[in-house]
Amino acid sequence: MKDPQNYLPKFVSDLRCPVFPERPAELKPAMRVWVNHESWFVSGSEARQKFIDDPLAWITTVTDPVDELRFRPTPESPRFDFQGRPYFFRSAATHDAFVGNPPRYAEPRRAMKKPMAG
């Protein structure tokens, strides 16, 4: 999802800043912050810096870029910064796989995973 700010206003009328929820988020590329493959829009440069300084304070769940499973990162979650973006991992094994070949995992795969049988 390269430019969600172009279509989000059609679907979301009141996107709030995760750092300052009383403020609307600015749907501008400069106000978008990435963690793993997810992005958040913030309300301004102060909110952007607060988010960057401590992303775990503002996010809930993300997708592990290696095994593509959703989880809630904690301060104990393995982390690796690549190309200016923090990546958090569910396990040391997925962290190590990412570190071994960051370009392979840095961009999300476009194919949907098949649901588990059951």
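Six aromatic pairs occur in this predicted structure. A pair here means Phe, Tyr or Trp rings (for Trp, the six-membered ring) with centres within 6.5 Å; planes under 30 degrees apart are stacked, over 60 edge-to-face, the rest tilted. Ring pairs join Phe80, Phe82, Tyr87, Phe89, Phe98 and Tyr105 into a cluster.

**Phe80 and Phe98**
- The ring centres of Phe80 and Phe98 are 5.8 Å apart with planes at 65 degrees, so this pair is edge-to-face.
- Phe80 belongs to strand 5 (residues 79-82) and Phe98 to helix 3 (residues 92-100), so the pair ties together parts 18 residues apart in sequence.
- Helices (H or I, at least four residues) and strands (E, at least two) are DSSP runs numbered from the N terminus.

**Phe82 and Phe98**
- The Phe82 and Phe98 rings have centres 6.2 Å apart and planes at 85 degrees, so they are edge-to-face.
- Phe82 is in strand 5 and Phe98 in helix 3, so this pair ties together parts 16 residues apart in sequence.

**Accessibility**
- Phe80 is partly exposed, at 24% relative accessible area.
- Phe82 and Phe98 are both buried, with Phe98 at 0% relative accessibility.
- Buried is under 20% relative accessible area, exposed over 50%, partly exposed in between (1.4 Å probe, protein chains only).

**Charge over a ring**
- The charged end of Arg23 sits over the Phe20 ring, 4.0 Å from its centre.
- The criterion is NZ of Lys or CZ of Arg within 6 Å of the ring centre and within 35 degrees of the ring normal.

**Basis**
- The model is predicted: local features need pLDDT of at least 70, side-chain atom pairs count only at pLDDT 80 or more, and totals for chains, interfaces and linings use all residues.
- Residues are numbered from 1 along each chain as its sequence is written, and side-chain values use heavy atoms, leaving out hydrogens and water.
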